[in-house]
Structures are given as C-alpha cells and as structure tokens.
Amino acid sequence: MHPPLVPGGFVMLSAVLVGIGLALRGGGAGDGVWLLAAYAGVGVALGFAHSPHLAAALGTVRMEYAADASGLVVTVNQVGLLLGTSLFGALFLHRQAEAGAGAASQALRGTLLALAGSAAVGALAGMARRRT
C-alpha cells in the first residue's frame, strides 16, 4: 500500500478546491481553462485519496468474507456520498438564497471553501498515527 497517497490526495484536493473558490471571486468569467484544469485536479486528487484507501480497507479481509466486505465498503461509500451531497448542497442553496439572484458563483465559492476545509480535516486524519 501507499499510505502517503491518502492524506496527500486530501491535501491536493483541499488546495484545488481553494483554487477553484478563489477563481470564482470575480464570478468565474474568463477562467474557463483554469477551472477545467482545476476540476481535472479534483479527479486526480480523489483518485489518490480513495483508491489506496479502498485497497487498504479490503486488503486484510479473508477470501470467504470478500463479497460481504466489499458490499459493506460500497454501502458506506454511498452513504457518505449521499450525506456529503445533502450537507454541502444545503449549504450551497442556503448561501445562494442569502446572496440573492445572480450570485451562484459566490455561493459555490463558499461551498468549495467548506469542502476544502473538510478535505483538510481528512488529510489531518490520514496523517494521524493509529494507536495500537
């Protein structure tokens, strides 16, 4: 396994999300190429963060429990995606309602910065030593 990839992926994700948030300060106009590159960076960072994490979660499971363990991991991931979409989606809609009409980029910027904070917490959690 590659333990540094998981927290490194979250550090990269946090930096990319802050960059996207900063790019949206002016409403996002004229930043199309940079935003496209930043969104590609999100995909790369998530690949670094999640692929080794899943391998580590399933790497020690005995063969006869592999199907059950993979089903559990997929279910937990789906619940996490659902909760993340719900929580950060609610934050986005709340910020957009506060900002008024035409302020979607401002609401998205605030939401991205909150996501970046969450990614930073994930990086710190990944770097913390496990106690045995």
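## The largest pocket

Helix 3 gives the largest share of the lining of the largest pocket, with 8 residues. This comes from a predicted model. Helix 3 covers residues 66-99.

How many residues line the largest pocket? The lining has 21 residues. F10, L46, H50, G80 and L81 lie nearest the pocket's centre. The volume of the largest pocket is about 800 Å³. Rolling a probe the size of a water molecule over the atoms shows where empty space is left.

What is the lining made of, by residue class? It divides into 13 nonpolar and 8 polar residues. No charged residue takes part in the lining.

## The overall build

The protein has 4 helices and 0 strands. Read from the N terminus, the order of elements is α-α-α-α. The protein has 132 residues, and buried residues make up 23% of them.

F10 and L124 are 114 residues apart in sequence. In space, their C-alpha atoms are 8.7 Å apart.

L124 lies in helix 4. Is L124 buried or exposed? L124 counts as exposed because its relative accessible area is 59%, and the cut-off for exposed is over 50%.

## A nonpolar surface patch

Which residues make the nonpolar surface patch of about 220 Å²? They are L5, V44 and F48. L5 is found in helix 1, which spans residues 5-23.

L5 has a relative accessible area of 30%, so it is partly exposed. That class sits between buried, under 20%, and exposed, over 50%. L5 and L124 therefore fall into separate classes: L5 is partly exposed, while L124 is exposed.

## One salt bridge

How many salt bridges does the count give? The count comes to 1 salt bridge. The side chains of R62 and E64 form it. The distance from N to O is 2.4 Å. This pair counts because the cut-off is within 4 Å, from a side-chain nitrogen of Lys or Arg to a carboxyl oxygen of Asp or Glu.

Technical notes:
Residues are numbered from 1 along each chain as its sequence is written. This is a predicted model: local features need pLDDT of at least 70, side-chain atom pairs count only at pLDDT 80 or more; totals for chains, interfaces and linings use all residues. Side-chain values use heavy atoms; hydrogens and water are left out. Patches are made of residues with over 30% relative accessible area and no salt bridge: like charges are joined within 9 Å, nonpolar side chains (Val, Leu, Ile, Met, Phe, Trp, Tyr) within 5 Å. Accessible areas come from the Shrake-Rupley method with a 1.4 Å probe; for residues, only the protein chains shown count as cover. Helices (H or I, at least four residues) and strands (E, at least two) are DSSP runs, numbered from the N terminus. Buried means under 20% relative accessible area, exposed over 50%, partly exposed in between (1.4 Å probe, protein chains only). On a 1 Å grid over the protein atoms alone, a cavity is a set of points where a 1.4 Å probe fits but cannot get out, and a pocket is an open set with protein on both sides within 12 Å along at least five of seven lines; lining residues have an atom within 4 Å of a point. Grid points are joined across faces, edges and corners, and a volume is the space filled by probe spheres set on the points. Ala, Val, Leu, Ile, Met, Phe, Trp, Tyr, Cys and Pro count as nonpolar, Asp, Glu, Lys and Arg as charged, and the others, Gly among them, as polar.
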